[in-house]
Amino acid sequence: MKKYIFSFLLTLFLQVTLIGQNTEQNAVLNSYIESISKQNLINNLGVLASDEMEGRKTGEFGQKMAANFIRDYYKDLNILPAPGTDDYFQKVPSRAMQALFSPRLNDSENVVAFIEGTEFPNEYIIISAHYDHIGMANGEIYNGADDDASGTSAVMEIARLFQKAKLAGNGPKRTLVFLHCTGEEYGLFGSKYYVNHPLFPLDQTVCNLNIDMIGRTDKKYKKADNYLYLVGSDKISSELHNLSENMNEQYAQLILDYELNAENHPEQIFYRSDHYNFAKKNIPVIFYYSGTHEDYHQPTDTFDKIEFDKMRNRIKLIFATAWQIANQPNRLKLNL
């Protein structure tokens with residue numbers, strides 16, 4: 001009887017301890033989620049989508065300005081450049097950005113920073129967005145506020161939060177890589193170059209969370225408070241999909257729409273942003289997207305139309321998902 005009582009009390013103690021630890025961890029994560037700064041998003045997106053950036057066309061003056069702005073942001077936060085870069089820049093040569101239907105492009109750069117993991121430093125979570133857009137035409141600037149200054153500023157804010165956590169002793173257990181891709185608009189060239197010349201081993205890359213256009217509302221959801229399209233989450237790792245659903249239920253409470261994830265959907269969104277190059281390497285992906293609108297690839301895709309409150313709520317899900325993947329004991333499992 002004594003042996004039974006001791007075993008019961010030990011089990012109860014371990015369960016209570018685990019619940020306490022989980023509650024504490026949830027409180028820590030919640031504190032960072034609530035620290036997502038709308039003002040930081042406004043500031044960074046405002047610079048990226050400004051007329052001075054001239055539409056950030058790949059290889060042109062405005063894209064170089066944007067690359068320097070992103071680099072300096074990471075320097076200011078003391079987030080390190082990825083090994084193998086030249087001061088955060090991974091050069092993407094012009095010869096790597098030629099395709100049958102693309103214009104001739106100049107040399108360009110991916111911008112890559114990282115925060116090393118504390119327990120599994122050789123396992124990598126890549127959070128990405130493209131920072132290029134389509135430049136200028138007929139004297140008009142295509143600012144690309146939603147496409148994809150929204151995703152770029154989201155990655156920058158997520159990086160800030162992880163660095164804040166690290167400095168407070170809550171650094172991620174796995175390494176976080178912040179990848180700002182060039183050349184997306186003309187053929188996903190920056191991400192293609194990255195996976196063909198990886199700065200971190202692809203076989204140790206746990207997943208790619210890719211953010212492209214999360215700052216607006218499409219026609220389908222004009223009357224909805226909050227939603228987000230997720231694409232690709234179940235294609236390579238069902239665990240990633242289930243984890244994402246759980247994080248949404250706990251921390252974001254968005255309407256998650258998988259319509260665009262259908263294989264036969266006419267828009268074929270799965271193949272149209274940088275996550276696709278990671279998926280081709282059998283790396284689990286999630287693509288976060290709020291849908292197209294009348295200003296898509298128009299000079300009217302401007303800063304004043306970004307819905308920052310909705311954008312902030314969408315980032316809650318992305319950050320919570322990255323946090324969980326970075327800190328859970330096991331690496332994500334692939335589908336058989």
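Reader: How do strands E4 and E8 pair, parallel or antiparallel?

Author: This is a predicted model. In it, E4 (residues 120–130) and E8 pair in the parallel sense, over five bridges. Ile-125 has Cys-207 in E8 as its bridge partner.

Reader: Which strand do four bridges join to E8?

Author: E11 (residues 285–289), and the two run parallel. There, Ile-211 stands opposite Tyr-288 of E11.

Reader: And how many residues of E8 are buried?

Author: Seven of its seven, so by the cut-off each has under 20% relative accessible area.

Reader: Switching to charges. How many salt bridges are there?

Author: The count comes to 17. One of them joins the side chains of Asp-309 and Lys-38, at 3.1 Å from N to O. That pair links distant parts of the chain, with Asp-309 in helix H8 and Lys-38 in helix H2, 271 residues apart.

Reader: Is Lys-38 buried or partly exposed?

Author: Partly exposed, because its relative accessible area is 33%, and the buried class means under 20%.

Reader: What about Glu-307, which residue does it form a salt bridge with?

Author: Lys-310, with the closest N and O atoms 3.5 Å apart. Glu-307 is partly exposed at 27% relative accessible area, whereas Lys-310 is buried at 15%.

Reader: Last one: which residues form the negative surface patch?

Author: Asp-51, Glu-52, Glu-54 and Glu-60. Glu-54 lies in the loop between helices H2 and H3 and counts as partly exposed, at 33% relative accessibility.

Conventions. Residues are numbered from 1 along each chain as its sequence is written. This is a predicted model: local features need pLDDT of at least 70, side-chain atom pairs count only at pLDDT 80 or more; totals for chains, interfaces and linings use all residues. Side-chain values use heavy atoms; hydrogens and water are left out. Patches are made of residues with over 30% relative accessible area and no salt bridge: like charges are joined within 9 Å, nonpolar side chains (Val, Leu, Ile, Met, Phe, Trp, Tyr) within 5 Å. Accessible areas come from the Shrake-Rupley method with a 1.4 Å probe; for residues, only the protein chains shown count as cover. A salt bridge is a side-chain nitrogen of Lys or Arg within 4 Å of a carboxyl oxygen of Asp or Glu. Lys and Arg count as positive and Asp and Glu as negative; His and the chain ends are not counted. The place of a charge is taken as NZ of Lys, CZ of Arg, CG of Asp or CD of Glu. Buried means under 20% relative accessible area, exposed over 50%, partly exposed in between (1.4 Å probe, protein chains only). Two strands pair if DSSP finds at least two bridges between them.
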